[in-house]
Amino acid sequence: MTNFSTPEPPGADNVIVQEIGKRTNTKLNIQWVSSNNYAEKTKVTLASGDIPDLMFVMDPFDPLVMQMAKEGAFWELTPERVKAYPNLAAYPSAVWENSRMQDGKNYGIPAVRPMGGWSFINIRKDWLDKLGLKMPQTTDELFETMKAFTYNDPDGNGRQDTYGLAGNQGSFLFEPLFNSTQGKWKLKDGKLAHIYLEPQTRDALLFEKKLYDEKVIPEDFAVLKLSQFEDMAKGNKAGMWVDTVEASWRPTEELRKTIPNADFLPMTYLISPEGKKMAYQWRGFNGIFLIPKKVSEEKLKTILQLMDYGSSQEGTDLAWYGFKDVHYTEKDGIKLATEQAKKDIVSQSALGKIFSRDEKYLWAYRTGMPADVFERNKKIVDARVPYLVGDIGNGLYSEAASKFGAEIDKKVDDLRVKIVMGKEPISAWDDFVKNLSKDDNFQNIIKEVNDSYQKRIAGKK
């Protein structure tokens with residue numbers, strides 16, 4: 001079971017699915033689930049106990065996943081076991097390390113991805129040029145650029161029908177950015193502080209409310225799906241959109257069918273209100289593939305062989321690009337997808353969700369991308385290196401968080417939307433934070449995460 005972000009998933013009779021099965025002597029039965037509701041489907045499937053032989057989970061540190069791992073629901077992938085599969089064993093040590101669970105063990109195959117080139121703001125360079133604007137660097141400049149994209153008719157159609165930002169990534173983007181961190185934790189005086197209690201989070205909420213009040217984000221942002229935000233970018237309706245470096249080509253390619261100079265340019269960094277130049281660093285994997293203990297050891301080996309093949313150059317090229325001169329042509333090292341590739345759903349957004357290899361510029365390249373765009377993207381990936389900020393809380397365990405974290409997060413998400421939309425005053429956040437700081441369960445989360453952090457530090461010495 002895995003997710004997909006193509007318009008339709010490959011069918012059981014898909015030519016590449018069949019070819020992978022032939023080359024690995026494997027019969028593949030893939031349950032495809034849309035990325036829009038994959039997290040929800042994951043929880044339902046895990047809770048049911050009827051787990052597929054190989055199941056992708058986006059968040060291996062979800063409390064339910066960690067609890068099930070602790071109870072022995074999944075095969076442990078020890079270094080001794082993995083070393084028999086050379087392509088999996090060749091993943092960077094940081095990828096295996098970052099995907100370990102609370103007991104220091106790996107319970108899944110990481111869906112390996114580069115550390116750089118991850119999701120950040122992609123901005124319409126052609127709109128900047130048309131309006132005579134410079135690339136924004138600070139959050140204040142970002143806001144002014146969003147206003148210009150909303151009110152200064154960047155598409156030239158004489159109507160006010162564009163937005164500064166496709167959606168409101170909210171806690172993903174602005175709250176960590178205002179705290180000069182990524183995720184929910186920041187390092188202060190040698191300890192981890194939760195950003196919910198930090199004054200910078202309040203500032204971020206007010207910033208997000210300003211975006212809503214000035215109508216530079218969609219009025220219905222809270223109910224729109226991620227795919228709908230991308231549709232806005234593809235439809236010439238938004239000047240900024242958040243995704244990986246290579247993903248910037250998706251709306252650009254669509255727009256250039258009617259607007260030849262359209263150009264979503266990935267930003268190199270933003271300067272946080274605290275003065276830190278930053279972009280987000282990925283943890284080196286996009287989730288993990290769990291193998292339940294109901295699977296026999298013999299079948300486990302077959303699955304690992306399949307995934308090892310899928311991590312080879314041959315395997316990933318087949319999954320991502322298909323057959324040469326059928327699904328793609330190649331010139332000057334650039335692969336151009338054919339119409340047949342679209343018909344057969346050959347894409348990194350389909351089978352590429354299952355099979356991947358360690359590739360520095362994976363998030364710089366996309367099939368069909370012009371050579372100049374690829375070269376520019378590589379330079380952006382390299383230029384981001386000094387500014388990358390990782391999630392310091394990645395993989396840290398708290399029993400209290402597994403019990404109460406999701407409920408607290410939901411309260412925060414609900415309250416944030418109400419404040420942004422003006423249904424609650426900012427004083428409601430102040431009251432919430434005051435109560436949260438006294439909440440025993442939340443204090444236990446902070447203590448246990450810090451204990452886990454200290455153990456990690458001790459383990460690295």
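**Exercise 1. Which residues in α17 meet which residues in α18?**

Before starting, note that this is a predicted model, in which local features need pLDDT of at least 70 and side-chain atom pairs count only at pLDDT 80 or more, while totals for chains, interfaces and linings use all residues. Residues are numbered from 1 along each chain as its sequence is written, and side-chain values use heavy atoms, with hydrogens and water left out.

*Solution.*

Step 1. Locate the elements: helices (H or I, at least four residues) and strands (E, at least two) are DSSP runs, numbered from the N terminus. Helix α17 covers residues 399-420, and helix α18 covers residues 426-438.

Step 2. List the contacts, where contact means heavy atoms within 4.5 Å. From α17 come I408, K411, V412, L415 and I419, and they meet I426, A428, W429, F432 and L436 of α18.

Step 3. Sort them by class. Ala, Val, Leu, Ile, Met, Phe, Trp, Tyr, Cys and Pro count as nonpolar, Asp, Glu, Lys and Arg as charged, and the others, Gly among them, as polar. The contact of α17 with α18 then has nine nonpolar residues, no polar ones and one charged.

**Exercise 2. Describe how the axes of α17 and α18 are arranged.**

*Solution.*

Step 1. Axes are lines fitted to C-alpha atoms, for helices over the stretch in contact, and angles run from 0 to 180 degrees between N-to-C directions. The axes of α17 and α18 come within 9 Å and cross at roughly 165°.

Step 2. Name the orientation: angles under 35 degrees count as roughly parallel, over 145 as roughly antiparallel, 65 to 115 as roughly perpendicular and the rest as oblique. The two helices α17 and α18 are therefore roughly antiparallel.

Step 3. Find the hand. A crossing is left-handed if the near helix is turned anticlockwise from the far one by less than a right angle, and right-handed if clockwise. For α17 and α18 the crossing is left-handed.

**Exercise 3. Now bring in α10: how does this helix pack against α18 and against α17?**

*Solution.*

Step 1. Take α18. Helix α10 (residues 199-213) has an axis that comes within 11 Å of that of α18, crossing at roughly 155°. That makes α10 roughly antiparallel to α18. The crossing of α10 with α18 is right-handed.

Step 2. Look at the residues: T201, R202, L205 and L206 of α10 meet I426, W429 and D430 of α18. By class, this contact has four nonpolar, one polar and two charged residues.

Step 3. Turn to α17. The axes of α10 and α17 are 8 Å apart, at an angle of about 50°, so these helices are oblique to each other. L205, E208, K209, Y212 and D213 of α10 make the contact with R416, I419 and V420 of α17. The classes here are four nonpolar, no polar and four charged.

**Exercise 4. Where is I408, and is this residue buried or exposed?**

*Solution.*

Step 1. I408 sits in helix α17.

Step 2. Buried means under 20% relative accessible area, exposed over 50%, partly exposed in between (1.4 Å probe, protein chains only). With a relative accessible area of 10%, I408 is buried.

Step 3. Setting aside neighbours within four places in sequence, I408 touches Y196, L436, F442 and I445.

**Exercise 5. Which residues touch the most other members of the largest nonpolar core?**

*Solution.*

Step 1. A nonpolar core is a set of buried Ala, Val, Leu, Ile, Met, Phe, Trp, Tyr and Cys residues joined through side-chain atoms within 4.5 Å. The largest one has 103 residues, and L46, F74, F174, I291 and L351 touch the most other members. Helix α13 (residues 297-310) supplies the largest share of this core, six residues.

Step 2. Apart from it lies another core, of 21 residues, including L205 and L415.

Step 3. Follow one residue: L46 touches V57 among others, not counting residues up to four places away in sequence. V57 lies in strand β3 (residues 55-57) and is buried, with a relative accessible area of 1%.

**Exercise 6. What is the phi of S180, and of I345?**

*Solution.*

Step 1. Recall the background: most residues other than glycine have a negative phi.

Step 2. S180, not a glycine, has a positive phi of about 55°. S180 lies in the loop between α9 (174-178) and β6 (185-188) and counts as buried at 16% relative accessibility.

Step 3. I345 also is not a glycine and has a positive phi of about 55°. I345 is in the loop between α15 (339-343) and α16 (371-384), and at 18% relative accessibility I345 counts as buried.
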